[in-house]
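Open the model in your viewer and keep the selection panel at hand. The stops below go from the chain contact to single residues.

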Amino acid sequence: MPAKQRNQIPPQTATGVPPIPKTPSTATSNTSSPPSSKSSTSSSSNQSAQDILLSSWKNYNDKTPQRVKLIDAFMAFLVVVGGLQFVYCVLVGNYPFNAFLAGFSATVGQFVLTASLRIQTNPENKKEFESVSHERAFADFVLGSLILHFFCVNFIN
Amino acid sequence: MVAAGLEPFLKGDSGRNTRGLLRIIILCTIAAAAIASRLFSVIRFESIIHEFDPWFNFRATKYLVQNGFYSFWDWFDDRTWHPLGRVTGGTLYPGLMVTSGIIYHVLRLLSMPVDIRNICVLLAPGFSGLTAVASYLITSEMSTSPSAGLLAAAFMGITPGYISRSVAGSYDNEAIAIFLLVFTFFLWIKAVKNGSAMWGALTALFYGYMVSAWGGYVFITNLLPLHTFVLICMGRYSPRLYVSYSTWFALGTLASMQIPFVGFLPIRSSEHMSALGVFGLIQLVAFVEFIRQQVPNKQFQTLLRSLILVIFAVSMGFLVLLTVSGVIAPWSGRFYSLWDTGYAKIHIPIIASVSEHQPTAWPAFFFDLNLMIWLFPAGIYMCFQKLKDEHVFVVIYAVLASYFAGVMVRLMLTLTPVVCIAAALALSNILDTYLVADNPTPKEPQQNGQASSDGVKNAADFIKDSLRSTRTPVIGIYSYISKASVVGILTVYLLLFVMHCTWVTSNAYSSPSVVLASKLPDGSQHIIDDYREAYYWLRQNTPDRAKIMSWWDYGYQIGGMADRPTLVDNNTWNNTHIATVGKAMSSREEVSYPILRQHDVDYVLVVFGGLLGYSGDDINKFLWMVRISEGIWPEEINERNYFTARGEYRVDDEATPTMRNSLMYKMSYYNYNALFPAGQAQDRVRGSKLPAEGPQLSTLEEAFTSENWIIRIYKVKDLDNVGRDHASAVAFDKGNKKKKTTKRRGARVLRVE
């Protein structure tokens, strides 16, 4: 997921911030309680957070197939585009509201469809999706995207 | 047991083919029966559009067929709601009209020119056949037994609860909406089961179709998120759920926003917020699942889970804040009346005045659903026994729909499908157990108990003493007598059910209510056709732009049959305008006349059932007119004044002066005395004797009265040529000398002082 990729950034850039040891657990026992990669509030120790992040990043880099990485990059792109539209809407105003809605929901919908494709083709979910082969998943994805963009174009005025 | 008993026969390939063919034939027969039983109204009466709303739909369809889709979309109707007009293209659900328009053009393409009226009349029965098939499909997803689906289809085909809104000629939104409802649910179940984006996308497409067809789409909008939410809360989140829900929501919301009448509602109104909230929630859950796969650790999970809860709570708070601050529209009045049944009566009389918005009386459940109403809980119990994802759906659907059906009569329609499904599940289970011809051999239970099902046995051991049924697992029925008796009784019940459905359909639900039927003493049928008589009189004898004022119930019919502009109609979008009409009807002539003049009214139409004993007339609806106009002009209209001192609503000698001077009373009983010998005039609806002297009308003149006096039309007089007020003009015409009247008045004044 792109969110994952984006989440690499804040903790790394936040290394300069002195960590707040919230939990009483000592830094030595952090192997048993690794903090989240997501929020700095849960990090018991800067060192361990960084370690875990690095290792999971490495893990991700090594284990993820190239195709899935492509999907992830696309999803990250969609998040950025959607975020930009939202920021524009908040800052400048939502005057052609149809257009904003169409554009924004196009990104959201495409993101969701891509996430579905990624989930369906994930080998770990094989047993959940017995009836969905990879080709079928991709065909579904194309069908969904076609419908989505038809509606968006129709809605954009 | 069935599978075990018939295994040799059914395992074979040919057996399966035969069964498939048989199933298709049965389904076709059921669909045919569903269509046929809805044709009573055409056979008894004729191919005619029924009731009130269908007349508007019919008129809109004609407009669509004549003028094409684009001008239909931009249709501004200046012949309704005079002088305001109505942006019809943007304020209707176009699904129904577009559907019949497409059918019309397809048939034309096949060089079968069918009158658009016949398409409209037969659309509802046609779609009811499809509904039967759809309920077969959805029930087949619930149960492995093939008989369940077929039973559900049969139930759905003939149950009066659904027939009530889908007989031939009842060309209303519900005609196609129930099919869409059931089919959308089927696609949703399919999507959740397979986790396929295609089924999700199809769900969204049919959801979009549903949105274009009926305002009841909000039921789907809330039911699917609720199902998802409950599944997540039960700890049953799965990637399949994510795929199906996200696909449905992303596409479905966009699809629903394509309808101009819905527009931005999906992101603005509270009714749609649950779907949005669950969408956000499932994104979060999916994200957490993703993280969990990357970093597997228990404590971490709990942390994230609490994080989710916090985010969810915060966003809910944010939502409430937005609602309070007015960014998101609060719940609309109709929805409030769903939670608080007394709400509409106090605040929105116009909603409470519609009879189909009243709370349901309990016999209605038995009347509409008959034997299914007691099979329904059994079916729900069976869903609890299995409790897979799809069964959870049925349970939620059952709970919600039962509540709503209890609150509003017309929402019985949404309850009917789930009752059919549940009843079919229960009944098929019984039949499958009892219909096996050969005995289960005594060995079989031992095998089952000891060897074959270790898992079951362990479970049975585990709760051995707690439940009686787990001590000895159910094997089958041995004696032929019990089999025969149970199956026999069930068959009798089913036959009774069929008879009941046929009887209800033919007697209760097949009346067009435009044409009335009565039995003559010799048993033959007598058709009372006053409505059409009067509407055609209007069509033939009045100028094309003559404005007709009537109570809003008849607005659509006047527009459809008489083709004359009306002041108010059944699309009750402007309460004030309706209240104005109500005020004109319930005030004295001197007050009403200026209102009539201001609104360019040429003719006033009232419905009067006193001669025939037709109880749905305007005098019986009169109190609603009073109430609605009292809501706008509380200082001029007061409901209390229309009741006698003892709180009775009377039309005879004891009626209050306010009542007897109201325009509605005068128009109803004007000249009615002339029909009877002096002092014998009687109102057969209210069962009361009327005052010896009938009311006098000065500002209106009688233009037309139909054969049985059901419809009376009055022409609004023009201003007097000499500038007198109408009362004195009438008095002059009658030959009363002006002098005499003033003298009398003078005397009276003296006496009072």
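Select chain B and chain A together. In this predicted model, the two chains bury about 3600 Å² between them, 70% of it on carbon and sulfur atoms. Colour the contact residues next: 37 come from chain B and 45 from chain A. Now pick B:Leu254, B:Phe287 and B:Phe290. These three supply 16% of the area that chain B buries against chain A, more than any other three residues.

Look for polar links across the interface. The salt-bridge rule finds zero between chain B and chain A. Polar contacts do turn up: seven residue pairs, both partners at pLDDT 80 or more.

Hide chain A and view the side of chain B that touches it. Five helices of chain B each supply at least two residues to this side: α11 (197–213), α13 (239–257), α14 (265–268), α15 (273–294) and α16 (298–325). Which helix gives the largest share? Select α13(B), which provides eleven residues. Then colour by class: this side of chain B has 23 nonpolar, twelve polar and two charged residues.

In the model, the range is 58% helix and 4% strand. Its end C-alpha atoms are 12 Å apart.

Next, select B:Arg59 in helix α5 (residues 53–73) of chain B. Is this arginine, B:Arg59, buried or exposed? B:Arg59 counts as buried because its relative accessible area is 14%, under the 20% cut-off. Show what surrounds it. Leaving aside neighbours within four places in sequence, B:Arg59 contacts B:Trp75, B:Asp77, B:Arg79, B:Thr80, B:Gly559 and B:Gly560.

Now go to B:Pro83, in the loop between α5 and α6 (95–109) of chain B. Check the peptide bond that joins B:His82 and B:Pro83: it is cis, with omega about 0°.

Finish with two backbone stops. B:Asn671 has phi near 65°, a positive value in a residue other than glycine. Find B:Asn671 in the loop between α34 (663–669) and β5 (682–683) of chain B. B:Asn671 is partly exposed, at 39% relative accessible area.

Then select B:Trp709, in the loop between β7 (700–705) and β8 (711–716) of chain B. Phi of B:Trp709 is also positive, near 65°. B:Trp709 counts as buried, at 14% relative accessibility.

How values were computed: Residues are numbered from 1 along each chain as its sequence is written. Chains are lettered from A and ligands numbered from 1 in the order in which they are written. This is a predicted model: local features need pLDDT of at least 70, side-chain atom pairs count only at pLDDT 80 or more; totals for chains, interfaces and linings use all residues. Side-chain values use heavy atoms; hydrogens and water are left out. Contact means heavy atoms within 4.5 Å. Buried area is the accessible area (1.4 Å probe) that two parts lose on being put together, summed over both. A salt bridge is a side-chain nitrogen of Lys or Arg within 4 Å of a carboxyl oxygen of Asp or Glu. A polar contact is a pair of N or O atoms within 3.5 Å; within protein, one must be able to donate a hydrogen and the other to accept it, and residues adjacent in sequence count only if both atoms are side-chain atoms. Ala, Val, Leu, Ile, Met, Phe, Trp, Tyr, Cys and Pro count as nonpolar, Asp, Glu, Lys and Arg as charged, and the others, Gly among them, as polar. Buried means under 20% relative accessible area, exposed over 50%, partly exposed in between (1.4 Å probe, protein chains only).
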